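Dear colleague,

I am handing over the structure below for your review. My notes on what was found in it follow directly after it.

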Amino acid sequence: MGQDHPDSKLFPRATGPAAKMVAEHEKEESLKLYSGWRVLLVLLEKQIPFQYIEVNPYHKPESLLKLNPRGLVPTLEYNNQPLYESTVICEFLDDAYPTTKRLLPSDPYERARTRIWIDFVTSRIIPAFHRFLQYQPQSAQSEDEGLAKVRDDFVDKLKQFTEEMDPDGPFFLGRELSLIDIILAPWGVRLWVFDHFKGGLKMPAGKVGERWEKWLSAVQETESVVSTTSEKEHYLPIYERYAKDTAQSELAKATRAGKGVP
Ligand SMILES: N[C@@H](CCC(=O)N[C@@H](CS)C(=O)NCC(=O)O)C(=O)O
């Protein structure tokens, strides 16, 4: 896929704090990450040395396509071997580098429960996020009703996720950030897109709403998240294309076709 992809001209590089992080990880390392926010957070949290290779996923370099036939990021190169699928890579890194901070619980039941909620984020929350963001009213009446429906569906998914959290937190499993927080973080910290484009998220007040806000604040203040966030002004044109349902990423196309995450 070349320069002619409709989204290839969107600002393709990290900006602000994220640009600094990219610059700090340009040096050659045997472990190479081709973009991807979740995996980046895992690498930083676990203090694993890595080389960051920034790719424009809409203008895919040959080096990425050689490693990952799907041409998606994140893609990891580990001892000259490829790995892809963000949740698989995140779990792999926790297994392959066991001596630093563990991101999955050691208790088998809690590990399995975490995986249920990792799957919930991928199979339920992210598709609902995109159905809401890409929603286009068919008529003046459906503007309110249709939007309310996709909003409620998304909020309902966030509520279900929140109800599973440790009651005190602030993170999902308790005091420490773990993999399940990282899995949702990239979408959590970009919820402002709904205020900007879709009239707000409207998470309910009360116990669940408060617990959700506590989780979100803790994630937003986490050093690895802060240091990998780009400037809002550069996210806006990207998200405007989603909000108008004109984005041509695989995820945008899958959402339009009523499918899940690619
Ligand atoms: N299931 C994949 C999804 C990866 C994915 O959709 N990546 C996006 C960027 S976040 C991408 O590479 N998009 C390029 C495209 O749509 O062509 C994963 O979790 O790794």
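**The loop around Glu85**

Glu85 is located in the loop between E4 and H4. Helices (H or I, at least four residues) and strands (E, at least two) are DSSP runs, numbered from the N terminus. Please note that this is a predicted model: local features need pLDDT of at least 70, side-chain atom pairs count only at pLDDT 80 or more, and totals for chains, interfaces and linings use all residues. Residues are numbered from 1 along each chain as its sequence is written.

Phi of Glu85 is near 80 degrees, which is a positive value in a residue other than glycine. Glu85 has 16 other C-beta atoms within 10 Å and is therefore partly exposed. On this scale a residue is buried if 20 or more other C-beta atoms lie within 10 Å of its own, exposed if 12 or fewer, and partly exposed in between, with C-beta atoms placed from the backbone.

Ser35 also has a positive phi, near 50 degrees, and is a residue other than glycine. Ser35 sits in the loop between E1 and H2. Because Ser35 has 19 C-beta neighbours inside 10 Å, Ser35 counts as partly exposed.

**The sheet**

Four strands form an open sheet in the order E2-E1-E3-E4, and their pairing is mixed. Two strands pair if DSSP finds at least two bridges between them. At the edges are strand E2 (51-53) and E4, each of which pairs on one side only. From one strand to the next, the twist averages 20 degrees; axes are lines fitted to C-alpha atoms, for helices over the stretch in contact, and angles run from 0 to 180 degrees between N-to-C directions.

Strand E1 (residues 32-34) pairs with E2 in the parallel sense over three bridges, and Leu33 stands opposite Tyr52 in E2. Strand E3 (residues 75-78) and strand E4 (residues 81-84), by contrast, pair in the antiparallel sense over four bridges. Here Leu76 stands opposite Leu83 in E4. E3 and E4 form a hairpin with two residues between them. In that turn, Asn79 has a positive phi of about 50 degrees.

To their contact, domain 1 contributes 15 residues and domain 2 contributes 17 residues, where two residues are in contact if their C-beta atoms, placed from the backbone, lie within 7 Å.

On the side of domain 1 that touches domain 2, helix H1 (16-24), helix H2 (37-45) and helix H4 (86-96) each supply at least two residues. H2 gives the most to this side, with seven residues. The residues of this side of domain 1 divide into 10 nonpolar, two polar and three charged. In this grouping Ala, Val, Leu, Ile, Met, Phe, Trp, Tyr, Cys and Pro count as nonpolar, Asp, Glu, Lys and Arg as charged, and the others, Gly among them, as polar.

Val88 is a residue of helix H4. With 13 C-beta neighbours inside 10 Å, Val88 counts as partly exposed. Val88 and Val39 are 49 residues apart along the chain, and their C-alpha atoms are separated by 9.6 Å.

**The ligand**

Which residues surround the ligand? They are Pro57, Leu72, Val73, Pro74, Glu85, Ser86, Ser249, Glu250, Leu251, Val261 and Pro262. A residue is near a molecule if its C-beta atom, placed from the backbone, lies within 6 Å of it. The shell around the ligand divides into seven nonpolar, two polar and two charged residues. Domain 1 (16-96) and domain 2 (108-256) both give residues to this shell, so the ligand lies between them.

**Cis peptide bonds**

Val73 and Pro74 are joined by a cis peptide bond, with omega about 0 degrees. Pro74 is found in the loop between helix H3 (62-67) and E3. A cis peptide bond also joins Gly169 and Pro170, with omega about 10 degrees. Pro170 belongs to the loop between helix H6 (140-163) and helix H7 (179-188).

**Trp192**

Trp192 lies in helix H8 (residues 192-197). Trp192 counts as partly exposed because it has 14 C-beta neighbours inside 10 Å. Trp192 and Tyr242 are 50 residues apart in sequence and 14 Å apart in space, C-alpha to C-alpha.

With kind regards

Conventions: Domains from an automatic or database assignment.
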